[in-house]
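Subject: Structure handover

Hi,

Here is the structure I promised to pass on. My notes follow below it.

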Amino acid sequence: MLWTDKELNKDVEEILGHKPGVLRIRYWQRDGKTVWILEEPSKEQPITTGIVINNDRIEQVKVLIYRESRGMEVRYPFFTDQYKDAGLQNDRQLDRTIDGISGATLSVRALTKLVRLALYLHHQIDVTP
Amino acid sequence: MYLWHRYMGLTAAVFVVILAATGLTLNHTEALGLDSRMINSSTLLDWYGITLPKDPVGFTVADHWIRQLGQQLYFDEQEIQDDTGRLIGVARLDDIVVIALQEQLLLTTLTGQLIECLGSAEGVPAGMRAIASNDNSLLVLAAHGTYITDSDFMEWQEISAPAVNWSGPTDIPASLYQRLAPAYLGSVLSTERVILDIHSGRILGPWGVYIMDIAAVLFILLAAAGIWLWAKRYR
């Protein structure tokens, strides 16, 4: 589990646009990979997302629970596959552009924030190969 | 027709102003923060029928109160979460307070700071009915059985139902309940909701909606009359 501190909170706030709101974030780790289950509100409801990171790159993004009535196109592989192999730049932005979906702007934005956050958090822990 | 057009225009003017003003404001809901600006006016709260819930649920742990008013959850007098499911129970594991909602566990420090929110994605059993702490383990009575986990909440194991004291609610003292009233009442109705209801006419109930419908028909007739008059003059 990763306990948050002042500096981490500041960086997380920069990525998400708000404070993390929790004192610790859990993750799973094996063979150099980490798995994060994170949530971020789309319009009003949170999107629960599972993110697998391997070698500092995104291996898989999966929307686990989608609660909004609109924008659920982001659940499908045609969208989430865009994040495969994405990495994080020094400015904590993704190293690629993600194509949006008309009518799902907020969901796309939420998912992208979560992917950035997962990559950032992955860098904060000692990943054992 | 000129006269009709004039009278329709005068009548419609009021609605045009209301719709334009509310519409303009709603177009910038996020920038103006309308969904997070809450209404405190007792007149408006009464109009919407918003009152203190009559059956608040409360649990005590380590000299603290965990209370639920409506969908707001309070740790003593501090709101820790809104839009929550039903509060089921509270337990203590070492220095962690475990608050069980219908489909979620909230872990807080002894001063109410949120540590983590755990749901089905983290293995929390579905359909929780009661919780209890036992020798630094958490027991959960759920829809499909009884489960046990340790203070890390990493693994859940089904067990046969043990004899434990499941967490039960306590009557909240009236004085504590009243102290929460301003915080609760000022967190239910957003400015966005009120403006949306004015825009649609719903603020006056179903009749308000019909009035706005009539106004919309009036606008169409006004436009049609105006075009007819213009076409007539143009010829």
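A residue is called buried if 20 or more other C-beta atoms lie within 10 Å of its own, exposed if 12 or fewer, and partly exposed in between; the C-beta atoms are placed from the backbone. Helices (H or I, at least four residues) and strands (E, at least two) are DSSP runs, numbered from the N terminus. With those terms, helix α6 of chain B can be described: of its 29 residues, the number buried is zero, so α6(B) lies largely in the open.

Some ground rules. This is a predicted model, in which local features need pLDDT of at least 70, side-chain atom pairs count only at pLDDT 80 or more, and totals for chains, interfaces and linings use all residues. Residues are numbered from 1 along each chain as its sequence is written, while chains are lettered from A and ligands numbered from 1 in the order in which they are written.

Confidence

The complex gets an ipTM of 0.78 and a pTM of 0.74 from the predictor. For chain B the mean pLDDT (the predictor's confidence in each residue, from 0 to 100) is 88, and 100% of its residues reach 70 or more.

Chain B

Helix α6 covers residues 206–234. The expected span of a helix is 1.5 Å times one less than its number of residues. For the 29 residues of α6 in chain B that gives 42 Å, and the end C-alpha atoms are 42 Å apart, so the two agree.

Chain A

Chain A has three helices and six strands. Their order from the N terminus is β-α-β-β-β-β-β-α-α. The C-alpha atoms fill a box of roughly 40 × 30 × 25 Å along the principal axes. The radius of gyration is taken over C-alpha atoms, and the globule rule is 2.2 Å times the number of residues to the power 0.38. For 129 residues a compact globule would come out near 14 Å; chain A has 14 Å, which agrees. Of those 129 residues, 29% count as buried. Two residues are in contact if their C-beta atoms, placed from the backbone, lie within 7 Å. Among contacts in chain A with a separation of 6 or more, 53% join residues 24 or more positions apart.

Three residues to look at

A:W28 sits in strand β3 (residues 27–30) of chain A. It has 12 C-beta neighbours inside 10 Å, so A:W28 counts as exposed. Leaving out residues up to four places away in sequence, A:W28 touches A:T34 and A:V35. Its C-alpha atom is 9.3 Å from that of A:V52, 24 residues apart along the chain.

Most residues other than glycine have a negative phi. A:N55, in the loop between β5 (46–54) and β6 (57–65) of chain A, has a positive phi near 55 degrees. A:R92 has a positive phi of about 65 degrees, and lies in the loop between α2 (77–80) and α3 (105–124) of chain A. A:N55 is exposed, with 12 C-beta neighbours inside 10 Å. A:R92 is partly exposed, with 15.

The A–B contact

Nine residues of chain A and seven residues of chain B make the contact. On the side of chain A that touches chain B, five residues are nonpolar (Ala, Val, Leu, Ile, Met, Phe, Trp, Tyr, Cys and Pro), two are charged (Asp, Glu, Lys and Arg) and two are polar (the others, Gly among them).

Best wishes
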